[in-house]
Amino acid sequence: MSVKRSVHSSGLRIVTEEVPSVRSAAVGIWVNVGSRDEAPATAGASHFLEHLLFKGTTSRTALDISSSIESVGGEMNAFTSKEYTCFYARVIDTDLPMAIEVVSDLITSSIVTALDVDAERKVVLEEIAMRDDDPSDLVHDLFSDTYYGDTQIGRPILGTVNSIKGMSRNTVFNYYKKKYLPQDLVVAVAGNIKHKRVVAMVEQALSRDNFLDVMAAPVIRPNIPIKNTKQQSVGLMYKKSEQAHMFYGMEGVARADDRRFAMGVLSAALGGGMSSRLFQEIREKRGLAYSVYAYAQQFAGSGVLGFYAGCNPTKAIEVVEIIRSVLSDVADNGMTHEEIERAKGAVRGSLVLSQEDTGSRMSRIGKNEIVYGQVMDFDDILKAISRVSAQDIHEIASEFLVKTPTLALVGPFKNESKFEKVLQK
């Protein structure tokens, strides 16, 4: 196995995957903090901070940060999820030392000035506005709010207009200093590299401002069940639009559940591609929607299995009825051997193809380490998918597809009662 792991006395974890056949390298610093770690008053702080760390450090301006990577043809970016944040860069292998130095500088030495907070606040508000103008994106946040209620995991990653407007420089900077600690970090590097050399470069880069001068154990997010006691059946947001965007979902498996592999195959069989059951029933046979898909999402202590479709508003109830009918049939009767094998092949193939570049490899080992505390062998993952049987699919379908559903709808609707009636049939 080409994946290697080292743990610093500060709790910092470093994982690498050597790919000697390429000429690139990707580095990502994963931080064990996301929107579910925020209080209502600081909703959106993790994402806001992700933006702000690119604005300048004690030794680099914002232009210095971006130009250092772009001047060598590399790419640099970041993203925030509900449970972690990642800053990454991908460069030619000979430029890896510089990339590690630049990304590490954001983590240890960002200054987060009041002027930068005020300037970037406008950018984040524009991002929220952009999300609000995209119903196919907005419906996912609406589903989380409808399903989880006003809980940390139910709130949007971007925060709200009010929370972003009300966030001061001190609030964001204190959040940064409290959450960005060595024991909460994973540095993942993949490409034409050597593990020992990477460890030395990372430790040197992150030693700035005595950042690593602590003794701690790595922090893994506990798998504490999430109570969604405020779950509603229908979440409706009026939007004057040509399409109705819906997300129909229910409880899924949590991240630590070994059945996540079977759930992934079930999700693919139901809505993972053009040959999936829902795509065939909704688009191919009836022409009711252009986009139809499904996904299984896992968190620490919770999970969701959900189905998206965008259709003519006059056909929304019919599409919901088809989804319910398909799920009911699969819960009662399972799926055919051909459907399951096709879905298993699709999941395995997409996983393999996703590992064709160093950025994807870095993401796999980094995400595995930050959420599980270890990196599962890639061949073991493929074997776990291959072992999923028709019985496994029937058991997980009969348990989860009959769970109380939640429906989120964005479109030209002013009354959710007719949709509630459909869910109660």
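Residues are numbered from 1 along each chain as its sequence is written, and side-chain values rest on heavy atoms, with hydrogens and water left out. Because the model is predicted, local features need pLDDT of at least 70 and side-chain atom pairs count only at pLDDT 80 or more, whereas totals for chains, interfaces and linings use all residues.

Helices and strands are taken here as DSSP runs, numbered from the N terminus (helices: H or I, at least four residues; strands: E, at least two). Six strands form an open sheet with mixed pairing, in the order β1-β2-β6-β3-β5-β4, where two strands pair if DSSP finds at least two bridges between them. The edges are held by β1 (3-7) and β4, each with a single partner strand, so one side of each is left without a neighbour in the sheet. From one strand to the next, the twist averages 15 degrees. Within this arrangement, β3 (residues 24-31) pairs with β5 in the antiparallel sense over eight bridges. Trp30 has Cys86, in β5, as its bridge partner. As a reminder, strands of a sheet pair through backbone hydrogen bonds, either parallel or antiparallel.

Helix α8 (residues 195-206) lies across β1, β2 (13-18) and β6 (185-191). Its direction is at about 145 degrees to β2, with axes being lines fitted to C-alpha atoms, for helices over the stretch in contact, and angles running from 0 to 180 degrees between N-to-C directions.

Turning to charged pairs, the count comes to 27 salt bridges, each defined as a side-chain nitrogen of Lys or Arg within 4 Å of a carboxyl oxygen of Asp or Glu. One of them joins Glu83 and Arg255, whose closest N and O atoms are 2.5 Å apart. Glu83 lies in the loop between β4 (75-80) and β5 (85-92), and Arg255 in the loop between β8 (244-251) and α9 (260-271), so the pair ties together parts that are 172 residues apart in sequence. Glu83 is buried at 3% relative accessible area, and Arg255 is buried too, at 7%; buried stands for under 20% relative accessible area, exposed for over 50%, and partly exposed for values in between (1.4 Å probe, protein chains only).

Asp258 and Arg260 meet at 3.9 Å, N to O; Asp258 is exposed at 63%, while Arg260 is buried at 16%. Glu281 and Lys285 meet at 2.8 Å, N to O, with Glu281 buried at 16% and Lys285 exposed at 58%.

Key:
Contact = heavy atoms within 4.5 Å.
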